[in-house]
Amino acid sequence: MVFWVFLPISLSLVSLVGTWTVYGLAYNSHHVCSLTNWEFGNSCRGNDSTECCRVPTISSSGTSFPENSLFTATINLGSFLYLEFCILHHAHIMEKNCVHSMLSKFALGFGVVAALGSFLAGNCNPGHVQLMHYLGAAVSFLCICFYLVLLTALTGKCTLTGYEKLLYPARFISAGVQIIVTICYTILFAQEDYFYMHISAVFEWMLSVNLEIFEMSYAVEFYYFSSFMITNLLAKRDEEKPLILS
């Protein structure tokens, strides 16, 4: 059904529009500094004055009122759509290329944990429950890297659309960018110098946009998805059932 093509598109657009709207609200309210402002004279350095602004990470953009409500709503909806995306993609693999079901199950596991980590981060305000927020974000970032690698491997091994020769190299590059930028982001985020923290914020937004582009590419696969494939998750396929010797 062509209807399913809107799932990856909706997932990408919810994340893209939602997070950047949150950033816009936070910037207009002077809660975060501009991503393009490399002069840090007005940045917050351990003070809570109304004259300063925070590092413009995705998390800090959703810390204060009123944008924190939209931030939570965006992350919750994005996590739900991401979870649905993971489950339905696994069902598609089970229908068309069940020989790679084990690899797909590993991918599904990382995808589900990534969605749960994102949900935890979105519902724990970093200004009040900092430890839980960053724990959820760290789990999500790590699992997303593994998930993208496994999805890219499945793209190279499985034939779902006939366009794999075009999709595989694009996703290979995207997964590589996600891993490299995640490592750089993690290293810089741990630094105390505000200049490096600002670079880490830029890297975090790069990770978000790269992931959304990766997800958007799955509109091709979901164009060929049918509702009956969901039944693959509800019952064992005949070839997976153990032989009963009479």
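Predicted model: local features only at pLDDT ≥ 70, side-chain atom pairs only at ≥ 80, totals over all residues.
Visitor: Why are α6 and α7 called roughly antiparallel?

Guide: The axes of helix α6 (residues 164-189) and helix α7 (residues 194-216) cross at roughly 155 degrees. Angles over 145 degrees count as roughly antiparallel, so α6 and α7 are given that name. Their axes come within 9 Å, and the crossing is left-handed.

Visitor: Which residues make the contact between α6 and α7?

Guide: On the α6 side they include Arg171, Val177, Val181, Tyr185 and Leu188. On the α7 side they include Tyr196, Phe203, Glu204, Leu207 and Phe214. By class, the contact has 14 nonpolar, five polar and two charged residues.

Visitor: What makes α3 roughly antiparallel to α4?

Guide: The angle again. Helix α3 (residues 67-96) and helix α4 (residues 101-123) have axes that cross at roughly 175 degrees. The cut-off is over 145 degrees, and therefore α3 counts as roughly antiparallel to α4. The axes of α3 and α4 come within 9 Å. In this contact there are 14 nonpolar, 10 polar and one charged residues.

Visitor: How do you know that Leu188 is buried?

Guide: Leu188 has a relative accessible area of 15%. Buried means under 20%, so Leu188 is buried.

Visitor: Where is Leu188, and what does Leu188 touch?

Guide: Leu188 sits in helix α6. Leaving aside residues up to four places away in sequence, Leu188 touches Tyr196, Met197, Ile199, Ser200 and Phe203. From Leu188 to Ala201 there are 13 residues in sequence, and the C-alpha to C-alpha distance is 8.9 Å.

Visitor: Do Cys145 and Cys158 count as buried or exposed, and what makes them so?

Guide: Cys145 has 10% relative accessibility, and Cys158 has 2%. Buried means under 20%. Cys145 therefore counts as buried, and so does Cys158.

Terms used:
Residues numbered from 1 in each chain as written. Heavy atoms only, no water. Axes fitted to C-alpha atoms, helices over the stretch in contact; angles between N-to-C directions. Helix = DSSP H or I, 4+ residues; strand = E, 2+ residues; numbered from the N terminus. Parallel < 35°, antiparallel > 145°, perpendicular 65-115°, else oblique. Left-handed = near helix turned anticlockwise from the far one by under 90°. Contact = heavy atoms within 4.5 Å. Nonpolar A, V, L, I, M, F, W, Y, C, P; charged D, E, K, R; others polar. Buried < 20%, exposed > 50% of the residue type's maximum accessible area, 1.4 Å probe, protein only.
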